[in-house]
Each structure stands twice: as structure tokens, then as C-alpha cells.
There are 2 protein chains.
Amino acid sequence: MEKKPYVIGLDLGGTNSVFGIVDANGNVVESVSLKTAGHGPLPHKYVEDCVEALRPLIDKVGGIGKIQGMGIGAPNGNYYTGCIEFAPNLPWKMESVPLAELFSKALGIPVAMTNDANAAAMGEMAYGVAKGMKNFIMITLGTGVGSGIVVDGKVVYGSDGLAGELGHVTVETRDGRQCGCGRKGCLETYCSATGVARTARQLLTDTDRPSLLRDLPLDQLESKDVSIAAGKGDALAKEIMDFTGRLLGFACANFACFNSPEAFVFFGGLTKAGDLIMNPIKEGYDQNILKCYAGKAKFFVSELDDAKAAVLGASALGWEA
Amino acid sequence: MEKKPYVIGLDLGGTNSVFGIVDANGNVVESVSLKTAGHGPLPHKYVEDCVEALRPLIDKVGGIGKIQGMGIGAPNGNYYTGCIEFAPNLPWKMESVPLAELFSKALGIPVAMTNDANAAAMGEMAYGVAKGMKNFIMITLGTGVGSGIVVDGKVVYGSDGLAGELGHVTVETRDGRQCGCGRKGCLETYCSATGVARTARQLLTDTDRPSLLRDLPLDQLESKDVSIAAGKGDALAKEIMDFTGRLLGFACANFACFNSPEAFVFFGGLTKAGDLIMNPIKEGYDQNILKCYAGKAKFFVSELDDAKAAVLGASALGWEA
């Protein structure tokens with residue numbers, strides 16, 4: 001059966017719910033945004049309000065008959081159940097929020113759900129740098145470190161729909177940093193935006209080396225400030241980017257032992273530093289990669305428009321829903 | 001099309017090449033073994049001699065028409081190419097030995113190849129404790145640590161056919177042990193049979209604690225001796241098993257972040273220690289597993305007959321060849 005021309009993507013965040021109607025080339029042809037909260041304690045009214053906002057957009061592209069399916073990217077979104085499970089920052093006071101089913105009933109089209117990082121991987125495969133790839137690893141560098149692992153052209157969901165949490169692989173086995181997950185030494189305690197700020201604060205506190213970063217209040221220091229200072233040639237800031245990138249490259253070398261990917265694709269604020277972060281990633285990788293994989297994987301930064309990437313990623317699920 | 005009643009398995013080792021004709025229930029109904037070396041520098045004569053030895057067995061089960069396919073488990077066997085790549089301990093002086101193709105031509109049936117650990121995973125899925133499982137990780141504890149990763153019911157081969165080298169994931173990031181691969185701190189430097197002997201020698205040298213292990217010459221100490229001493233209640237030997245198991249459990253907790261497996265299946269000499277190794281593995285896992293995966297994975301020891309497991313694993317490939 002021929003695919004219909006459009007899919008709907010929903011990027012469901014703690015604050016905003018952003019919808020896009022997307023064509024096969026990754027153009028967001030229609031878009032609308034609602035606040036995620038304020039629709040009552042149960043998700044039913046939320047879905048109703050969303051569908052009401054979507055209707056005129058759907059009509060504009062020729063009606064629901066033109067829509068192949070819908071994809072939802074949401075924190076803790078489970079592909080197998082179509083539910084958001086235990087997401088403390090969302091308004092619904094339920095253990096498991098069956099949004100895929102609710103949207104599917106309301107719209108009359110198939111709806112699939114997954115978490116943000118898996119959605120990002122789908123987006124890269126459908127419209128981005130991973131087009132045509134069968135085996136790659138998506139790494140999202142945000143407040144945390146997320147990942148989507150693709151094997152044989154499909155995102156790995158594992159036995160429970162929750163596979164692909166590479167941000168919580170241990171990268172420091174001695175006195176590792178405390179992670180929000182309760183464990184120590186997780187990748188995301190070092191290589192997320194939060195991790196970079198943490199490294200900066202630590203270096204600024206433990207040494208008296210000069211740095212442009214000292215012009216900023218220590219407790220307000222962000223990953224972005226480190227990128228900017230590194231871009232200006234600040235030695236300390238460059239060292240932080242080096243440390244972060246090399247550690248991430250080391251981690252990726254370990255990840256390669258799992259699915260021998262043809263590429264790693266990075267997304268998120270930290271990638272804005274360009275070569276300042278990507279070169280150390282590649283160096284860390286090359287220095288630590290097992291011989292049989294050496295020189296095989298490529299390293300990409302996502303080229304999808306930041307503002308649209310999450311909606312695009314979610315929409316990509318709609319093609320297979 | 002209905003499956004034929006038998007497959008052929010070849011367990012290709014540095015010393016012996018063991019063939020089995022296997023039925024769908026995992027019974028090795030016929031078997032023959034040849035020396036791997038001594039057939040000349042090219043693999044053609046080896047294949048010819050093997051097929052000659054196989055003919056009478058094939059006739060016994062009703063001829064080649066009763067054979068679905070053949071599977072080869074070999075060190076550095078590549079599933080995609082059907083070739084053995086860079087195997088220094090095998091007699092053929094070629095970079096890439098196309099055994100799958102040669103056997104397929106000689107026998108007139110489809111032939112697939114993979115490495116030993118992937119074959120073991122296939123064997124568990126076809127005839128063993130992983131029957132019916134879709135997502136699990138096979139860990140083989142031998143001279144090295146091998147692995148076969150199963151996602152969605154299929155072994156993960158990755159972009160180049162060489163995926164699944166979890167024995168070379170770093171488990172000690174500070175002053176890790178030197179590994180044969182040239183890197184440091186790999187899982188197999190600690191949790192292989194060789195790694196266990198290494199731990200024993202280290203503890204016996206660095207301390208003067210009493211132990212039954214002191215009755216043996218230090219340089220001849222093997223993993224098996226540690227198991228036996230631990231079984232007799234030797235405190236030092238038990239501590240070695242504890243250390244080994246906990247580290248392996250920690251590593252498995254990190255592996256879970258990839259494919260959230262429903263089970264880990266262990267095979268190899270070290271598993272003979274039973275609870276002495278399996279309990280610490282589970283403890284190490286439980287202490288280090290990310291909350292969302294906690295309590296989900298089961299831990300199994302392979303129940304396949306040691307002497308037949310490798311042939312069974314190889315043969316399992318034959319069903320899908």
C-alpha cells in the first residue's frame with residue numbers, strides 16, 4: 001500500500017507540546033504549540049484540546065486521509081506500551097499515561113511513541129545525516145545524555161521498551177561523579193551540559209588558573225559559556241572541551257563493541273562548539289577503539305534545524321506506526 | 001516451504017574441526033572430527049577432506065536433501081562475508097578465508113558463518129535456555145570473554161559483521177590490566193579464565209594470606225584451581241570468585257543500558273563454580289543496575305552439554321542459512 005503524504009509529530013515536553021505535520025522530505029508544513037499543563041489531572045482533556053488545535057491544520061493538508069500516522073517523542077515514552085511511564089515533570093498523576101492509544105482513538109490513525117533520544121535517532125534516519133544507515137548510535141547532549149541505538153535499520157527497544165540509556169554507562173570506575181540516577185561515574189555526569197558546567201566549576205575552584213570564565217558568577221556558569229570562552233581561545237575552557245570530548249570518545253569506543261556502528265550522530269547544545277568538541281571526541285575514540293573497528297565509524301553532528309528536530313524525530317515514528 | 005529435518009554444524013578450532021548433524025531438537029545424531037591443520041596452505045583441500053569425511057554421515061541421515069543448511073562457528077568468523085578474517089591460530093595463510101562459500105559449493109546447500117560466541121547465542125536460542133527469547137546477551141567465559149548479543153530475536157552483527165565484543169569493554173578506567181588487544185582494563189583481563197588466574201597470582205604474590213592455592217606452582221595456577229579451592233571453602237579463593245563475579249555483574253549492568261535484555265546466559269569453565277560465581281554476578285548486577293531495569297533480567301548458566309555446545313551453536317546457524 002502506498003504511503004500517505006504526511007505524518008504528525010508531537011514533541012511532548014514538560015512545558016510545551018509542539019505538533020508538526022511533516023512531509024516525506026522532512027518539511028514541517030504545518031505546526032502548532034500548546035502548553036502541556038493546564039488541561040486537568042487526567043490526559044483525556046489534554047488529548048481533546050490537542051486534537052481540537054490540530055483539526056484546522058489537518059484540514060489544510062487535505063484531511064486525516066492524507067496522514068500516514070502520528071509519532072510522539074516524550075520523556076520516558078515507551079515504544080511497546082505507547083505509554084509515558086513515571087515522568088515526574090509531566091502534569092498527569094498516573095503511573096502510566098496511555099497517550100498513543102488516546103491520540104489514536106481521537107484521530108483515527110495509528111500512533112506510536114518513544115523517548116526523545118530514540119525519536120531523534122528516527123529523525124536522523126528519516127530526514128537527516130543517518131538517511132540510509134542501518135547501524136548507528138545517536139547521542140543527544142542536553143541536560144542529560146540520551147541515546148538511540150539503531151541495529152539493522154531499527155531502533156533497539158529491548159525486552160521492555162527502555163533500551164538505549166548510554167548516558168548511564170559508567171565511564172569512571174574510581175570515585176566517579178554522583179549521578180542523578182543514584183549511581184556513580186555515569187557518562188552524563190561528565191558529558192552533558194550539566195556535566196561540562198560541573199567540570200568548569202571544579203577546575204575554577206580547585207585551581208587559580210586564569211580564565212575568561214572567572215568573569216562569570218560560578219553558580220551561574222553554563223556549558224554554553226565554556227563553549228564561547230573556548231572559541232575565544234581561553235586555555236582553561238579549551239581544556240574542559242578537550243576533557244569532555246575525549247571522555248565521550250572513549251565511551252563511544254566502548255559502545256562500538258556492542259553494535260559496531262557505521263556512525264555516531266551527535267545532537268544538542270554542546271555540538272555548537274564544532275571542532276572544539278568534535279576533534280577531541282574523535283581523538284578519544286581513535287585512541288581507545290578496538291583494532292577490528294578502527295577507522296570504520298564516522299562522526300556526524302545533526303544538521304536538522306534545532307527548533308524542529310524534536311518534532312521531526314517524533315514524526316518519523318509516524319511513518320512506521 | 002517446510003524446513004528439512006537436519007542441519008550441519010562445524011565447530012572450527014585451532015586444533016580440531018568438529019562436525020555434527022543435528023536435528024530440530026538439538027540432538028547430535030551424527031558426528032565426526034578432523035584435525036584443522038595438515039591439509040595444505042589453502043583452504044580448498046581442507047574443505048575437500050571435510051566433505052569426504054561428512055559424506056557417509058550425510059548418507060546415513062538420508063542424503064543431502066534432508067539437510068536444511070550448514071553453520072560454521074569459527075574464531076573471527078564474519079557473518080556478512082562468510083569468511084574467517086585474520087585468525088592467526090588457523091593454518092591458512094590468507095587474510096580472508098571464504099569457508100562458507102567453499103563449503104556451500106562443495107555440499108550444494110546454504111552455509112552461514114559466525115564467530116564462536118555468536119554461535120553460542122544462536123545455540124541457546126535454538127536448543128537451550130534462551131529458547132523463545134528475543135533480547136538477551138550471551139557471555140562466554142573461556143581463555144577470553146566472548147559475547148553474542150541478541151536483539152529482536154537476531155544476533156547483532158553491526159555494520160561490518162564484527163559487533164558484540166563485550167569482552168573488550170573497559171571495566172577499570174584507572175590503571176586497568178593490560179589486555180592482549182593492546183588496550184587496558186578490558187573485561188576479559190579480569191573475568192576470563194586467564195583473568196581469574198591473574199587475579200589469583202596477584203593476590204598470592206602481594207599478600208602472605210594462607211590459601212590452598214599456595215600448594216600449587218604459581219605459574220601453573222589455573223582458573224579451575226581457584227574454583228576447586230573456593231568450593232572447599234578456601235577464603236582467598238572465594239574472594240577471587242567474589243571479585244570476578246561482582247566485576248562481571250557490574251559490566252552486565254552497563255550492558256543492560258544497550259538492549260535491556262531479558263536474560264544473561266553464561267557459558268564456559270568458570271560457570272562450573274555454580275553459586276560461587278553466579279551469586280556475586282547477581283550481586284554486582286543488582287548493586288549497579290539502572291533503576292528502570294532493576295529486577296528485570298534473569299541469569300542463566302547454559303545447560304547445553306559442554307562437548308557438544310559449540311557444534312550445536314554452529315548448527316543453529318544452519319536453520320537460517
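Predicted model: local features only at pLDDT ≥ 70, side-chain atom pairs only at ≥ 80, totals over all residues.
B:F266 is worth a quick look. Setting aside neighbours within four places in sequence, its contacts include B:M138, B:I139 and B:L141, then B:L248 and B:C252, and also B:F299, B:F300 and B:V301. B:T271 and B:S302 are on the list too.

Now for the interface. Chain A puts 39 residues into the contact and chain B puts in 38. About 3,200 Å² is buried between chain A and chain B, with carbon and sulfur atoms giving 56% of that area. On the chain A side, the most area is lost by A:R183, A:F258 and A:L290, which together make up 19% of what that side buries.

The rule picks out six salt bridges across the interface of chain A and chain B; one of the salt bridges in the model joins the side chains of B:K296 and A:D160, at 2.7 Å from N to O. Polar contacts across the interface come to 23 residue pairs, both partners at pLDDT 80 or more. As for elements, β10 (145-151) and α7 (235-259) of chain A each give two or more residues to the side touching chain B, and α7(A) has the largest share, six residues. Sorted by class, that side of chain A holds 19 nonpolar, eleven polar and nine charged residues.

Notes. Residues numbered from 1 in each chain as written. Chains lettered and ligands numbered in written order. Heavy atoms only, no water. Contact = heavy atoms within 4.5 Å. Buried area = accessible area lost by both parts, 1.4 Å probe. Salt bridge = Lys/Arg side-chain N within 4 Å of Asp/Glu carboxyl O. Polar contact = N/O pair within 3.5 Å; in protein donor to acceptor, adjacent residues only side chain to side chain. Helix = DSSP H or I, 4+ residues; strand = E, 2+ residues; numbered from the N terminus. Nonpolar A, V, L, I, M, F, W, Y, C, P; charged D, E, K, R; others polar.
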